[in-house]
Amino acid sequence: MNRALMAAGLSSLVVLLLALPLIMPLAKLDISLGVTVLLFGLAAASVNLLVGYTRIMAFGNAAFFGLGAYGAALFVQYVMPNFLLAIVVGSIAGLLGALVLAPFLIRRRGIYFALLTIAFGQVFYFIAYRMTKITGGEDGMTVTRPALRLGSWSLGSHETSFYYFVLVVFLLVMLGLWYVIHSPFGRTLVAIGQNEVRVRYLGLNSDRFIFHALGISGLIAGIAGALYAMSIEFAYPLLLDWHQSGDFVMMVILGGSGTFWGPLLGSAIYAIGQNVLSSWTHAWQIIIGGLFVACVLLFPRGILGLSMRPRADIAREDEVYEPSAAPSAAAKAEAP
Amino acid sequence: MLEHLLPEIINGIVLGAFFAIVAIGLSLIMNLTGTINMAHGSFMTLAGYVAFVLVSRGTNFWYALVVAALLTMVVGILTERLLVSRLYGRLPIYSLLLTFGLSLIAEETYRLIWGPTGVPFSPPSYLLGAVPVFNAPLPSYRLVIVAALLVAMAALVLFLFKSSLGLRLRAAVQDSEMLAALGTNTRVVYTANFAIGILLAGVAGVFAAGLLGLNPTMGNELLMPAFITVVIGGMGSLTGSIVGGLLLGIAVSVTTLYVPAASELVLYLLMAVVLLIRPRGLFGEEGIFG
Amino acid sequence: MSESRLKRDSFIKLVGAAGIAASTGAPAFIPKRAKGADTLKIGANEEVTGVYAAPSRDQVRGYQMAFDEWNRKGGLLSRQIELVVEDNANNPGIGVEKARKLISQDKVTAMIGTVSSAVSIAVSNVCYEANMPLIVTGGHTDTVNGTGCHWTTYRTCHSTWMETHATGFSIAKLYGKKWYYIAPDYAYGHALLDGYKDLEPKLGVTVVGTDLTPLGTADFSAYLTKVMSAAPSCLLLMVQGDDLTNALKQCNSMGLSKRIPIAGPQAELETFWPLPPEARVGSFGFEWYYKSPLTLGNNAYAHDFVKNYTAKHKEPPTARSAFGYITANRMAAAIQTANSTDPVKISKAIADVRFNALCTADGYYRGADHQLMWPMWFGDVRASGTPDDPMDIFDIKDMQPADAIEKSVEQQSTICKMSYPS
């Protein structure tokens with residue numbers, strides 16, 4: 001894509017996002033749905049870093065998202081009702097969750113990695129579900145959104161003001177993510193995604209790179225989760241469940257795995273689609289599932305991936321999978 | 001508490017038999033084509049509903065079992081031919097996502113057709129009693145399930161080791177390229193493999209419906225434990241699935257007895273431990289999935 | 001390139017076909033009223049899809065019947081009532097979004113709904129922040145009229161506390177005072193245990209065993225073996241939904257149901273109608289029933305409701321239908337009494353007004369905590385209905401009046417602190 005087109009696309013996106021509080025009511029949608037799209041978009045971006053760029057099957061990011069939500073919720077409820085600190089605490093909770101799990105996760109790849117992410121994610125889910133006295137368990141946890149104050153300036157309690165705050169955070173995080181992906185670190189992640197063995201033969205410790213990628217992913221998901229708990233003023237265990245992780249992966253695939261704005265697009269399609277469709281028919285889950293099946297079969301590179309010219313110079317690993325080939329050198333290289 | 005232990009272990013064996021048969025199906029499918037079938041539970045549920053429809057029209061339970069399993073297998077074959085086979089050669093994540101989407105569609109379809117709260121489905125009345133085993137009543141239905149699953153496993157082993165299609169299946173797992181070069185239509189082998197996995201799921205599904213209650217999410221509840229069984233037992237190993245299933249079933253039952261709060265977690269923790277210490281599982285082969 | 005265009009074409013066709021199929025699937029449509037020129041909108045935030053779809057559907061049927069009657073009599077504030085139903089899919093996050101949409105976009109005058117406790121709490125918070133009157137139709141958690149109470153929020157169905165106390169009294173009376181608890185290990189189960197524990201000293205009950213079962217337990221045989229050797233005078237089985245179905249089936253197949261009475265805090269027709277006869281065992285609390293002298297008595301209004309509902313839907317009303325009918329009626333009545341769409345006036349008009357609660361006693365939404373005070377019943381589940389009504393599977397045996405089974409106003413005032421805006 002040439003630069004002019006990219007710049008035009010980016011500016012129209014920014015204008016669209018800025019004007020969203022005016023556009024959504026035209027479709028009879030509340031702006032809080034826009035907040036959801038942005039925050040799920042961030043969560044999907046955290047998944048995209050792993051699934052899209054590094055090509056590891058991360059199915060447990062809802063755990064970090066949920067840790068962010070509960071971190072913020074517990075902080076407001078039991079420590080102090082401070083908006084900014086709650087977000088910080090939630091984000092750190094997501095980061096810590098990833099750092100605790102990463103030493104275990106980096107030791108495996110492929111389907112084993114995916115299963116480990118699901119397993120550990122479920123552990124957090126059960127903890128949230130079980131500790132009824134602290135987290136409210138199945139009944140969830142109310143989070144009364146504290147007013148956001150910075151010195152003498154205060155963000156109004158209006159939902160639109162909250163949306164703009166989230167938009168600012170979203171753009172900042174995406175900016176940070178842009179730098180990460182285009183840094184040498186990020187390029188190494190992409191290289192790992194294409195051929196991890198080659199990267200290791202070049203002398204780089206791919207485990208360490210994946211470790212840091214998990215940390216960044218957990219942090220971003222934690223930020224998204226903390227803000228989400230503030231948005232709906234509620235935290236509940238389903239946010240940690242692996243079906244939620246599956247939804248985030250779905251958004252990445254729909255929008256375009258490995259593209260920068262794919263996660264946001266996928267989040268928009270999923271969240272808005274679900275919201276609008278469920279107002280019209282009981283069968284909305286069939287439609288969403290059908291869309292997803294069609295996507296996986298017909299355009300697995302996602303919607304944004306369609307617009308990308310297939311890069312003939314780089315062999316795509318996902319198209320050269322041989323299940324019954326002899327054990328690969330990669331497996332031997334990483335066997336303990 | 002110790003007098004409860006023995007009947008508990010027997011319960012665990014019954015549970016384990018379920019895990020095993022579902023795991024074998026999953027493992028067969030995963031092993032040959034790298035397909036992770038998240039819709040396996042949906043096939044089980046489908047078989048349950050088909051059997052329900054037949055039985056409510058007056059059909060005999062066993063007849064309904066056979067027909068339901070076969071019909072479900074046909075649906076499985078169609079699914080494989082039309083959808084799943086297009087993803088052969090790709091990373092397993094795509095088959096995982098495809099079948100995940102299919103399971104969502106299936107669940108909602110069942111809900112729309114048969115309602116969200118489940119339908120009454122019972123084994124025949126002569127199976128509803130209990131047999132005293134070591135001073136604890138063991139429901140006869142469960143004994144029948146274990147017997148039936150043993151029969152199914154024996155039939156599978158016979159098929160794999162005594163029939164020519166079974167021979168080709170085992171050959172395909174080792175090296176399907178070579179098999180194709182030797183003149184076998186590997187597409188037929190892949191389809192047959194998938195079909196057998198679904199057939200087993202269908203049988204398990206009808207029995208599970210009688211035991212657990214038939215509702216749109218019935219099969220999905222057994223899916224996670226079955227995946228964990230495959231991981232623990234070892235992918236690509238039938239023995240592993242059986243042993244892993246029994247182990248897991250007993251672990252769950254015994255944990256339920258002593259530490260009920262941990263009985264859901266024990267599945268996941270066991271899997272995590274196995275994955276970290278011996279990722280190929282108890283009987284698995286190294287390097288198939290990294 | 002042409003190959004991917006072909007694929008794109010087929011995708012578009014697929015989506016188009018799916019869209020057409022979905023929109024022509026008439027029974028799958030969520031009911032929406034024909035829009036009149038100027039209607040008075042009331043929003044229903046319901047679990048249309050998901051595990052609670054059946055009770056939710058019956059609640060919505062109750063709303064529709066009530067609003068149809070109001071509209072036939074001329075509507076509300078000289079406008080026709082328009083019921084706007086939104087699906088929260090049993091997910092609190094979606095429930096919040098839908099609530100906000102109903103408030104800001106549909107501009108509803110009032111909101112009703114929910115079955116799930118978590119969704120009830122989340123939606124109640126949203127309505128509080130938006131000054132929107134809300135009646136929670138079917139969410140049972142004590143939080144709604146307890147620590148999470150708000151001046152905007154009322155609740156129709158019984159609280160968890162009421163469930164345990166109503167059944168506790170009846171169980172002690174009919175089945176003795178040596179109890180074994182099997183409770184689900186999540187918030188609802190813990191609340192039930194707290195409720196029964198409160199009764200232990202008051203009734204002189206001894207507890208011979210307690211088991212907390214994990215969510216989604218398919219296999220209760222371990223617990224049931226323990227129960228049989230502990231030999232209580234009654235097994236209190238507090239699990240719900242599919243867990244309850246499995247447990248009851250297994251009680252039957254292990255022969256337990258013949259030896260030890262089984263009782264539970266609450267049962268619903270939506271759960272028990274689909275069960276096979278051998279799982280229809282036990283005695284439970286019932287929040288309302290369509291066919292019993294103990295529930296309906298000589299209440300002509302109640303009998304009419306049953307008759308009209310059965311004629312329209314070809315099956316009798318459930319407790320959920322009654323919740324819906326009562327909720328919709330009381331919300332409309334309050335709006336009419338307030339003669340305005342002002343939320344404070346509407347909310348104040350709901351409280352402490354006695355009305356016909358479709359049963360042998362009047363009901364009223366208590367001012368202290370906004371909980372509907374009406375009786376609860378206890379009885380057995382029949383394996384099959386009566387000879388002339390196969391759907392009549394509950395056999396009501398006992399009744400407990402409202403004031404005996406909920407916390408007193410004094411007790412609640414330490415838990416629920418609500419104040420109206422001045």
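Biologist: In this predicted model, over how many bridges do strand 1 and strand 3 of chain C pair?
Modeller: Strand 3 of chain C covers residues 110-113, and within this pairing C:I42 stands opposite C:A110, while C:A44 has C:I112 as its bridge partner. The two strands pair in the parallel sense, and the number of bridges between strand 1 and strand 3 of chain C is four.

Biologist: Which residue is the bridge partner of C:A44 in strand 2 of chain C?
Modeller: Strand 2 of chain C, residues 81-87, pairs with strand 1 of chain C in the parallel sense over seven bridges. Within strand 2 of chain C, the partner of C:A44 is C:V85.

Biologist: What is the order of the strands in the open sheet of chain C?
Modeller: The sheet has five strands with parallel pairing, in the order 2-1-3-4-5. Strand 2 and strand 5 (153-155) of chain C each have a single partner strand, so one side of each is left without a neighbour in the sheet. The strands that stand at the edges are therefore strand 2 and strand 5, and the order asked for is 2-1-3-4-5.

Biologist: What angle does the direction of helix 2 of chain C make with that of strand 2 of chain C?
Modeller: Helix 2, residues 53-72, belongs with strand 1 and strand 2 of chain C to a right-handed β-α-β unit. This helix packs on the sheet, touching strand 1, strand 2 and strand 3 of chain C, and its direction makes with that of strand 2 an angle of about 165°.

Biologist: Why is strand 1 of chain C largely enclosed by the rest of the structure?
Modeller: Strand 1 of chain C spans residues 40-46, and it is largely enclosed because, of its seven residues, those that are buried number six.

How values were computed. Residues are numbered from 1 along each chain as its sequence is written. Chains are lettered from A and ligands numbered from 1 in the order in which they are written. This is a predicted model: local features need pLDDT of at least 70, side-chain atom pairs count only at pLDDT 80 or more; totals for chains, interfaces and linings use all residues. A residue is buried if 20 or more other C-beta atoms lie within 10 Å of its own, exposed if 12 or fewer, and partly exposed in between; C-beta atoms are placed from the backbone. Two strands pair if DSSP finds at least two bridges between them. A crossover is right-handed if, with the strands pointing away from the viewer, the path from the first strand over the helix to the second runs clockwise. Two residues are in contact if their C-beta atoms, placed from the backbone, lie within 7 Å. Axes are lines fitted to C-alpha atoms, for helices over the stretch in contact, and angles run from 0 to 180 degrees between N-to-C directions.
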